[in-house]
Amino acid sequence: MGTDNQTWVREFILLGLSSDRNTQVSLFVLFSLMYLVTVLGNFLIVLLIRLDSQLHTPMYFFLTNLSIVDVSYATSIVPQMLVHFLAEHKGIPPVRCAAQLFFSLGLGGIEFVLLAVMAYDRYVAVCDPLRYSVVMHGGLCARLAITSWVSGSVNSLMQTTITFQLPTCINKCIDHMSCEILAVVRLAYVDTSSSEVAVMVSSIVLLMTPFCLVLLSYIKNISTILKIRSMEGREKGFHTCASHLTVVVLCYGMTIFTYIQPSSNPFVLQEKLISVFYAILMPVLNPLIYSLRNKEVKGAWQKLLGQLPGLTSKLAT
């Protein structure tokens with residue numbers, strides 16, 4: 001049998017988080033509830049932004065994109081994981097595995113770039129507030145959003161192509177809950193150093209470049225805020241950045257810790273737990289953070305809820 005014929009397997013086996021049946025059932029219930037909260041929470045955020053004209057600003061345009069990305073990312077991983085919690089056979093065809101890897105990597109990359117774009121939006125709001133509406137006009141916002149989606153997708157296509165060109169016929173068991181890139185690369189029976197370098201370089205470009213832009217923007221933001229003499233002005237400045245900064249710390253921090261670390265001593269359980277955090281918890285936390293820490297969103301919720309009795313009575317009549 002030639003080498004070319006050895007590079008293809010009919011299916012991969014996802015080992016998941018646990019082999020214990022009771023644990024799998026418990027995780028199925030827990031993750032199902034969290035997935036429903038993710039979909040509902042982000043849908044309500046998008047709907048609220050759509051209905052409230054006061055939220056028709058660049059920040060909330062990007063937040064709408066972020067909510068769509070969060071729901072899509074969770075959907076690329078969680079339904080498959082839920083099925084495998086209850087299924088006896090936990091196989092996944094290579095084509096579906098490659099598709100899952102492409103979408104999860106792409107959507108993750110889009111989120112990183114979007115957070116950098118949102119950091120620029122906060123930079124203009126804090127450092128150049130008088131020209132905010134002129135700088136952050138609709139055309140620029142659309143181009144920045146398109147750039148985020150295109151850059152994440154192109155990076156994902158490159159990494160997925162490199163990963164699935166590796167021969168993996170000796171071992172088809174993926175020690176992960178999904179087709180995660182590092183777990184798939186470890187299946188190869190050839191030297192994967194060049195592939196790991198390519199993945200590392202791509203990760204550095206897509207993660208560290210936006211992260212550095214975010215870092216620079218917040219250095220400038222903080223220095224500008226500290227120059228404000230009034231305490232009320234400082235509080236307003238920090239409040240402008242609070243929600244976004246919280247999401248940035250959680251999102252970038254966990255992902256950089258996962259992917260930009262020495263590959264000679266991988267901690268598989270650690271990678272699984274961090275992936276659970278990013279796929280399950282982050283999409284739940286984002287709408288909560290932007291709702292609980294944002295006066296404009298809370299005000300829009302109160303306004304919408306205050307209108308519900310009137311709408312209900314009109315519908316009743």
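The model is predicted, so local features need pLDDT of at least 70 and side-chain atom pairs count only at pLDDT 80 or more, while totals for chains, interfaces and linings use all residues. Residues are numbered from 1 along each chain as its sequence is written, and side-chain values use heavy atoms, with hydrogens and water left out.

## The fold

The chain has eleven helices and three strands. Here helices (H or I, at least four residues) and strands (E, at least two) are DSSP runs, numbered from the N terminus. Starting at the N terminus, the order of elements is α-β-α-α-β-α-α-α-β-α-α-α-α-α. The chain has 317 residues, and 46% of them count as buried. Buried means under 20% relative accessible area, exposed means over 50%, and partly exposed lies in between (1.4 Å probe, protein chains only).

The axes of α4 and α6 (residues 138-163) come within 7 Å and cross at roughly 145°. Axes are lines fitted to C-alpha atoms, for helices over the stretch in contact, and angles run from 0 to 180 degrees between N-to-C directions. The crossing of α4 and α6 is right-handed. Right-handed means that the near helix is turned clockwise from the far one by less than a right angle, and left-handed means anticlockwise. Residues in the contact of α4 with α6 divide into 15 nonpolar, ten polar and no charged. In this scheme Ala, Val, Leu, Ile, Met, Phe, Trp, Tyr, Cys and Pro count as nonpolar, Asp, Glu, Lys and Arg as charged, and the others, Gly among them, as polar.

## The disulfide

A disulfide is a covalent bond between the sulfur atoms of two cysteines. The cut-off used here is a pair of cysteine sulfur atoms within 2.5 Å. The structure holds one disulfide. C97 and C179 form it, with their sulfur atoms 2.0 Å apart. C97 sits in helix α4 and C179 in the loop between β3 (173-174) and α7 (181-185), so the pair ties together parts that are 82 residues apart in sequence. The torsion about the S-S bond of C97 and C179 is about -125°, so this disulfide is left-handed. Both C97 and C179 are buried.

## Pocket and cavities

A grid of 1 Å over the protein atoms alone is used to find open spaces. A cavity is a set of points where a 1.4 Å probe fits but cannot get out. A pocket is an open set with protein on both sides within 12 Å along at least five of seven lines. Lining residues have an atom within 4 Å of a point. Grid points are joined across faces, edges and corners, and a volume is the space filled by probe spheres set on the points.

The largest pocket has a volume of about 500 Å³. Its lining has 20 residues, and R122, A125, K236, T240 and E296 lie nearest the centre. Which helix gives the most to this lining? Helix α9 does, with six residues. Each of α3 (58-86), α4 (94-127), α8 (193-226), α9 (231-259) and α11 (295-316) supplies at least two residues of the lining. By class, the lining of the largest pocket has eight nonpolar, eight polar and four charged residues.

The structure also holds two cavities of 30 Å³ or more. The second largest cavity has a volume of about 80 Å³. Among its lining residues are L14, Q24, M81, K90 and M177. The largest share of that lining, three residues, comes from α3. By class, the lining of the second largest cavity has six nonpolar, four polar and one charged residues.

## Single residues

Y35 lies in helix α2, G253 lies in helix α9, and Q54 is in the loop between α2 (21-51) and α3.

| Residue | Relative accessible area | Class |
|---|---|---|
| Y35 | 17% | buried |
| Q54 | 61% | exposed |
| C141 | 5% | buried |
| C251 | 0% | buried |
| G253 | 37% | partly exposed |

For Q54 and E296, 242 residues apart along the chain, the C-alpha separation is 8.3 Å. The C-alpha atoms of G253 and F211, 42 residues apart along the chain, are separated by 9.7 Å.
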